[in-house]
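Please look through the sequence and the model shown here before reading on.

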There are 2 protein chains.
Amino acid sequence: MPRRIGDVARGAGVGVETVRFYEREGLVDQPLKPMRGWREYDEAALGQINQIKLAQGMGLTIADMKVLKARAKGARAQFCGAVRETVAARLDAIDAEIAALSLKREALADWLKQCRRRGKRGDCPLYAGINALAPKRSKR
Amino acid sequence: MPRRIGDVARGAGVGVETVRFYEREGLVDQPLKPMRGWREYDEAALGQINQIKLAQGMGLTIADMKVLKARAKGARAQFCGAVRETVAARLDAIDAEIAALSLKREALADWLKQCRRRGKRGDCPLYAGINALAPKRSKR
DNA sequence: CTTGCATCCGTAGCAAGGTACGGACTGCAG
DNA sequence: CTGCAGTCCGTACCTTGCTACGGATGCAAG
């Protein structure tokens, strides 16, 4: 059972600064501070950090989580709607990201293939292109 | 034929600030400034920006391009080796990124499926979980 | 009482790739 | 001559998710 922020951090496998960051973001509830001394944490903080890690593993952003946390105070149906909305939006965003990366992947793979095919023929268009852009030397 | 930075920017479809950013990064050669007046650009700047856009489309980073540009002054064989190295490294990085995103994609899709399956049964574990983390209210 | 680690708190910095701003200047049209 | 758009230049800001720093305090052991 965690008592102080360092215990929470170690228990969740994150740094103390990270816990404090989550608190600033409002994702982890910061226990009230006694007028002197250290804050007293309980299991809730640990659970909240684990939920953050879970959500992060699914690709949700901190901003997404803030929205969902705000909605969690409302009725279950509303909350579920918000969850589905957020998850669907993030799914679309991630699909778009994957599509963009796949295009890049193909372009890079093609480039490598061309490189190997040209092999020793030594007609790299990029090298020619880059040096054509500095025509000072070729003009003499 | 571009004359001033604004012409270059319009011609390349980027902002003036972006051209200046590439100049600061050393990816676009900035023509010498006359003691008074405006710099005079030629086609080279346009070509360099187009190469940047191409490389970006393949997923190369600005840092990658800096390295390659530095190598372009050397012999062709050295340059080609550096290109292959950079491209291969970036390809690996992008594959890793795609793999990570695919995991997230699956997790999100699963979550949505679970949401729909639970449908009106109203037993969302996330809602329960979040509210269990604030047990103040349930204790009464 | 002193050492020494932990916490508290605000603030600043990192990566990446730009974007924006403010004040001074330039050059051209009216 | 004046107005106005465009440049020049340095610097600050943006996003995201942390991470680090520095000075002040707290607390327990020796």
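Among the atoms of DNA strand C that lie within 4 Å of the protein, 75% belong to sugar or phosphate, and the rest belong to bases. This is a predicted model, in which local features need pLDDT of at least 70 and side-chain atom pairs count only at pLDDT 80 or more, while totals for chains, interfaces and linings use all residues. Residues are numbered from 1 along each chain as its sequence is written, chains are lettered from A and ligands numbered from 1 in the order in which they are written, and side-chain values use heavy atoms, with hydrogens and water left out.

A residue is called near the strand if one of its heavy atoms lies within 4 Å of it. There are 20 residues around DNA strand C, and those that come nearest are Gly6(A), Arg20(A), Arg39(A), Thr18(B) and Gln56(B). By class, this surface has eight charged residues, six polar and six nonpolar, where Asp, Glu, Lys and Arg count as charged, Ala, Val, Leu, Ile, Met, Phe, Trp, Tyr, Cys and Pro as nonpolar, and the others, Gly among them, as polar. Helix 1 (5-12) and helix 2 (16-25) of chain A, together with helix 2 (16-25) of chain B, each supply at least two residues of the surface near DNA strand C, and helix 2 of chain B gives the most, with five residues; helices here are DSSP runs (H or I, at least four residues), numbered from the N terminus.

Some N or O atoms lie within 3.5 Å of one another, the cut-off for a polar contact. A polar side-chain atom of Arg4(A) lies 3.4 Å from a sugar or linking oxygen.

Rings of Phe, Tyr and Trp (its six-membered ring) pair if their centres lie within 6.5 Å, with planes under 30 degrees apart counted as stacked, over 60 as edge-to-face and the rest as tilted. The count comes to two aromatic pairs over all chains. The rings of Phe21(A) and Tyr22(A) have their centres 5.8 Å apart and their planes at 50°, so this pair is tilted. Phe21(B) and Tyr22(B) also form a tilted pair, at 5.8 Å centre to centre and 50° between the planes.

Technical notes
Polar contact = N/O pair within 3.5 Å; in protein donor to acceptor, adjacent residues only side chain to side chain.
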